[in-house]
Amino acid sequence: MTTSIRHIAKLAGTSVSSVSRVLNNSGYASPELRDRVEAAIRSLNYTPSKGARMLRGAPSRMIGLMLPSIEVPFFGILAHAIEQELFQHGYQTLICSTAENLDHEVRYISMLLAQRVDGVIVASAFGSIEHFGLLRDARIPIIAIDRELNGIADDAVMADHAEGGRLMARHLIDLGHRAIAIVGAPAHSQPIQLRLQGITAEMAKDGIAPAIVAMAEEHSFAETYRLARELLASRPDITAIIGTTDVSAIAAIHAIQDRGFSVPNDYSVVGFDDLPEAAYVFPRLTTVAQPIRDVGRQAARLLEALIEEHQTGDESQGAVVKVPVTLIERDSTGPVRN
C-alpha cells in the first residue's frame with residue numbers, strides 16, 4: 001500500500017496540515033512536532049512525490065551548484081562545504097561540473113530550470129553571463145561564489161583575491177627578491193586576474209614589475225609544470241616564483257627540483273589557497289590561505305536567506321562579501337640568494 005501523509009499524521013498523532021507544514025517547511029512547527037513527524041516519515045519509509053510538490057508550486061528543496069571543475073582540489077573542497085551546509089537545512093544539491101565549457105554551462109542551466117531548483121550557487125568560468133538571464137527571468141535566486149556575476153547574481157561571496165596577491169608579492173619583496181616570476185592558470189579566471197592585479201600593484205610600490213608572467217589556459221599540474229620549466233630555462237636571473245594557486249606553486253617546486261636546484265636556497269616559491277597538499281609537499285609551501293569551507297558555508301547561508309526573502313516578497317540590495325585572507329609562512333620561501 002502506498003504511504004500517504006494521512007498515514008504519517010496518524011502515526012505521529014497530529015493533523016494532515018501539520019505534516020504538510022513539516023514536509024514543505026512552511027509555517028510554524030514546534031521542534032517536538034517536527035521530531036514526531038520526521039520519526040514517522042522514517043518509520044514508514046515515505047518519499048514525497050516530486051511531481052505532486054511541483055504541481056502544488058511547493059519549494060523543490062533542491063539547489064543547483066555550478067562549478068568550473070570539481071577535479072580542481074579547491075572546487076572539490078568548496079562543493080563539499082556547500083553540500084553539507086545545505087543538507088543540514090533540508091536542501092539537496094545538484095552539482096554541475098561545467099569543465100570550463102560555455103555550452104556545458106548553458107545546458108546545465110536548462111536542466112536546473114527543468115528541475116525547478118529553489119536557488120543556484122555558481123562560479124562561472126566566463127565573463128559572458130547572458131545565459132544566466134534565464135535563471136533571473138524565472139526569479140530563481142543566484143549567489144555567485146569565488147567571483148562576481150555583475151547584473152545577474154543577487155549576492156557574491158569570495159576571498160579577497162587582490163589582497164592575497166599583495167601579500168604574496170610583499171612577502172617576497174621583504175625577503176629581498178626583485179626578479180620575481182609568476183606562473184599560473186587559467187588565464188581567463190577572474191580570481192586569477194584579481195591576484196595578478198594585487199601582485200603587480202604591490203611590486204610597483206617598490207619600482208619593480210614581474211620578471212615574466214606565464215599563464216596557461218588549463219589549470220593542471222602538468223601544464224603549469226611545463227611553464228615553470230620553460231621560464232627557469234629562459235630566465236636564469238629569477239630568484240622567486242609566485243604560483244597563482246597552490247597547484248601552480250607545487251608544480252614550480254617540482255620543476256625547480258627536477259632541474260637540480262633547491263627550494264628555498266636557490267628559489268623561493270609562494271602559492272595561493274592553502275590546500276591540504278600545501279603542508280604535505282616538501283618543502284612545505286608558503287601560501288596565502290583563503291578559508292575555502294567558510295566561503296562555501298557563507299554562500300549557502302546567503303542563498304537560504306535569499307530564498308526566504310523571495311518567498312515572502314521581500315527584496316534586498318545585492319552585496320559582495322569579501323572573506324579575509326592570510327599569509328601562511330612555511331619552508332618554501334627564504335632570503336634572496338647571493
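Let's start with A299, which has its place in helix 12, a helix covering residues 292–312. The model you are looking at is a predicted one. With a relative accessible area of 0%, A299 is buried.

What is A299 in contact with, once its neighbours within four places in sequence are left aside? The answer is I121, I143, I145 and V157. Take V157 from that list: 142 residues separate V157 from A299 in sequence, yet their C-alpha atoms are 5.9 Å apart in space.

## Aromatic pairs

Next, the rings. Searching the whole structure turns up 3 aromatic pairs. One of them joins F74 and F75 in an edge-to-face arrangement, with 4.9 Å from centre to centre and 75 degrees between the planes. F74 counts as buried at 7% relative accessibility, and F75 also counts as buried, at 7%.

Another pair, F221 with Y225, is stacked: the centres are 6.1 Å apart and the planes make an angle of 15 degrees. Why are these two residues about one helical turn apart? Both belong to helix 10 (residues 221–234), and they are separated by about one turn because they are 4 residues apart there. F221 is partly exposed, with a relative accessible area of 34%, and Y225 counts as partly exposed at 21%.

## Arginines over tyrosine rings

Finally, have a look at two arginines. R61 lies over the face of Y91, 4.0 Å from the ring centre. R337 lies over the face of Y267, at 4.9 Å from the centre of that ring.

Conventions:
Residues are numbered from 1 along each chain as its sequence is written. This is a predicted model: local features need pLDDT of at least 70, side-chain atom pairs count only at pLDDT 80 or more; totals for chains, interfaces and linings use all residues. Side-chain values use heavy atoms; hydrogens and water are left out. Buried means under 20% relative accessible area, exposed over 50%, partly exposed in between (1.4 Å probe, protein chains only). Contact means heavy atoms within 4.5 Å. Rings of Phe, Tyr and Trp (its six-membered ring) pair if their centres lie within 6.5 Å; planes under 30 degrees apart count as stacked, over 60 as edge-to-face and the rest as tilted. A charge sits over a ring if NZ of Lys or CZ of Arg is within 6 Å of the ring centre and within 35 degrees of the ring normal.
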